[in-house]
Amino acid sequence: MRTLSLPLALTARISPVVVLAAAGWVLTSGPAATPAPQKESAPQSADQPSSDGGSSAAAATTKRYSAAPAPCGSIGAATIKSLVPGAKTAGKEIPSTDPSLRRTCSWNALKGYDYRWLDVSFEITDSQAEAAKSYKENITAKSGGGTVPGVGDAGYSVVNLTTEDKQQTREGVVMIQASNALVTVTYNGSDFESKKAPATDEINKGAIKAAKEAVAALESGQKA
């Protein structure tokens, strides 16, 4: 039987208690202390979406959502089983200082030599304009991706590849603005046998699928 040797940073990620305590509600699920990631354009549009922020009085005051939905119930069990084989479908909610405004759920599992991590976060802001401003800042910080059409008011997806100790990890991040709410999905994976990462298309499509379900859960939940 082969001995599974995990890189130090990825070993820490498989222990959710360590990661979650360090990350708080804003879960940065990329492997710690890795080299600068190699940007990979998501197979959508190469253009970044534009956001006019508070360009109108209506946007400055619009507040459609008053509370974040239960994040661990926002992704269907079938999707969890598909994206994170071996993970408990119930997920693990991360403690938040204000659960009415910020909530995050995480799923991760190592099945054989394949490791997958998925998390979904909801943030409720005071207005559509505030959400649009935060969204624009977030996608600017993660340049190199593309738009995700047909989800919320604006959507963006980016996929990065990192390598540590010859082990590749590919991570996809999808950010959605829906009125005064922000939804962020992070999905990544590694193969510890081949040392290779899953294909860009697999990670990107998985992250987008989860994001669509999360936004649907938001829209069907409590409104302001």
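Author: Let us begin with pairing: two strands are said to pair if DSSP finds at least two bridges between them. Please keep in mind throughout that this is a predicted model.

Reader: What makes β7 and β8 a pair?

Author: β7 and β8 are joined by nine bridges in the antiparallel sense, and the definition asks for at least two, so the two strands count as paired. One of the places where they meet is V173, whose bridge partner in β8 is T186. The two strands also form a hairpin with two residues between them, and S179 in the turn has a positive phi of about 55 degrees.

Reader: How do you know that β6 and β7 pair, and in which sense do they run?

Author: β6 and β7 run antiparallel and are joined by 11 bridges, and because at least two are required, they too count as paired. T162, for example, stands opposite T169 in β7. This hairpin likewise has two residues between its strands.

Reader: What makes D165 and K166 worth a remark, and where do they lie?

Author: Most residues other than glycine have a negative phi. D165, which is not a glycine, has a positive phi of about 50 degrees, and K166, also a residue other than glycine, has a positive phi near 70 degrees. D165 is placed in the loop between β6 and β7, and K166 lies in that loop as well.

Reader: Why are D165 and K166 called exposed?

Author: A residue is called exposed when its relative accessible area is over 50%. The value for D165 is 53%, so D165 is exposed, and the value for K166 is 73%, so K166 is exposed too.

Reader: Why is β7 called mostly covered?

Author: Buried means under 20% relative accessible area, and 12 of the 12 residues of β7 are buried. In a regular strand the side chains alternate between the two faces of the sheet. In β7 both faces are covered, for the buried residues include V173 and M175 on one side and V174 and I176 on the other.

Reader: Which residues of α6 are buried, and what covers them?

Author: The buried residues of α6 include I203, A207, A211, V215 and L218. Among the elements that cover the buried residues of this helix are α4, β4, β6, β7 and β8.

Reader: What makes a group of residues a nonpolar core, and which residues touch the most other members here?

Author: Such a core is a set of buried residues of nonpolar kinds, joined through side-chain atoms within 4.5 Å. The largest one has 32 residues, and W107, L118, V120, V183 and L218 touch the most other members. At least two residues each come from elements including α4, β3, β4 and β7, while α6 supplies the largest share, eight residues. A second, separate core has nine residues, among them Y135, Y156, V158 and M175.

Reader: How confident is the predictor in the model?

Author: The mean pLDDT of the protein is 81, and 71% of its residues reach 70 or more. Over residues 1-36, however, pLDDT stays under 50, and over residues 44-50 it is below 50 as well.

Note on methods
Residues are numbered from 1 along each chain as its sequence is written. This is a predicted model: local features need pLDDT of at least 70, side-chain atom pairs count only at pLDDT 80 or more; totals for chains, interfaces and linings use all residues. Side-chain values use heavy atoms; hydrogens and water are left out. pLDDT is the predictor's confidence in each residue, from 0 to 100. Contact means heavy atoms within 4.5 Å. Buried means under 20% relative accessible area, exposed over 50%, partly exposed in between (1.4 Å probe, protein chains only). Helices (H or I, at least four residues) and strands (E, at least two) are DSSP runs, numbered from the N terminus.
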